[in-house]
Amino acid sequence: MEVLITRRHTDAHPKLQNYIERKLERLRRIYDHLQGVSVVLDDAGGRHAVEISASADRGPTFVAHAEGETWHESANLAESRRESQARRFKERRVNRRRRA
């Protein structure tokens, strides 16, 4: 899985980038058909915004936006939103197979 981190209006510390990459590895356990993940870090107006976009070869693109006071807070919130999207999609897919 390829991870691309883009920074807008900010210089993200390498530790933050490593933290985000470790958080995104959890996604592989939930949904293993991912091709790539794009993360955009934006410091607009004093708020730290994180956007995570994960594309899969089978299924939709999962997109999550979050803003917070700190980078870690924003990253955690965006990751949890994206993780819940992936879980819901996988659950619907499994339930559809059981009904058919």
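How many helices and strands make up the secondary structure of the protein? It comes to two helices and four strands. Helices (H or I, at least four residues) and strands (E, at least two) are DSSP runs, numbered from the N terminus. Read along the sequence, the pattern is β-α-β-β-β-α.

This is a predicted model: local features need pLDDT of at least 70, side-chain atom pairs count only at pLDDT 80 or more, and totals for chains, interfaces and linings use all residues. Residues are numbered from 1 along each chain as its sequence is written, and side-chain values use heavy atoms, with hydrogens and water left out.

## Overall figures

The C-alpha trace spans about 50 × 20 × 15 Å along its principal axes. The protein has 100 residues, and 38% of them are buried. Buried means under 20% relative accessible area, exposed over 50%, and partly exposed in between (1.4 Å probe, protein chains only).

The accessible surface comes to about 6300 Å². Carbon and sulfur atoms hold 44% of that surface. Areas come from the Shrake-Rupley method with a 1.4 Å probe; for residues, only the protein chains shown count as cover.

Contact means heavy atoms within 4.5 Å. Of the contacts with a separation of 6 or more, 48% join residues 24 or more positions apart.

There are 21 positive and 15 negative side chains. The centres of the two sets lie 10 Å apart. Lys and Arg count as positive and Asp and Glu as negative; His and the chain ends are not counted. Each charge is placed at NZ of Lys, CZ of Arg, CG of Asp or CD of Glu.

## The nonpolar core

In soluble globular proteins, nonpolar side chains tend to be buried together. A nonpolar core is a set of buried Ala, Val, Leu, Ile, Met, Phe, Trp, Tyr and Cys residues joined through side-chain atoms within 4.5 Å. The largest one here has 24 residues. Ile20, Tyr31, Val37, Val39, Leu41, Val50 and Ile52 touch the most other members. At least two core residues come from each of helix H1 (14-30), strand S2 (34-44), strand S3 (47-56), strand S4 (62-68) and helix H2 (71-99). H1 gives the largest share, six residues.

Leu27 sits in helix H1. It is buried, at 0% relative accessible area. Beyond four places in sequence, Leu27 touches Leu34, Val37, Ala54, Arg82 and Ala86.

## An aromatic pair

The structure holds one aromatic pair. Rings of Phe, Tyr and Trp (its six-membered ring) pair if their centres lie within 6.5 Å; planes under 30 degrees apart count as stacked, over 60 as edge-to-face and the rest as tilted. The ring centres of Phe62 and Phe89 are 5.9 Å apart and the planes meet at 65 degrees, so this pair is edge-to-face. It links distant parts of the chain: Phe62 is in strand S4 and Phe89 in helix H2, 27 residues apart. Phe62 is buried at 4% relative accessibility, and Phe89 is buried at 15%.

Tyr31 touches both rings' residues, Phe62 and Phe89.

## Other sites

Which residues does Glu83 contact, leaving aside its neighbours within four places in sequence? They are Arg26 and Ile30. Glu83 lies in helix H2 and is buried, at 9% relative accessibility.

Ser74 is also a residue of helix H2. It counts as buried at 0% relative accessibility.

Ser55 belongs to strand S3. It is partly exposed, with a relative accessible area of 28%. Its contacts, leaving aside neighbours within four places, are Leu34, Gln35, Gly36 and Thr61.

His9 lies in the loop between strand S1 (2-8) and H1. It is exposed, at 68% relative accessible area. Most residues other than glycine have a negative phi. His9 has a positive phi, near 60 degrees.

| Pair | Residues apart along the chain | C-alpha separation |
|---|---|---|
| Leu27 and Arg87 | 60 residues | 9.4 Å |
| Ser55 and Val37 | 18 residues | 6.4 Å |
| Ser74 and His48 | 26 residues | 6.6 Å |
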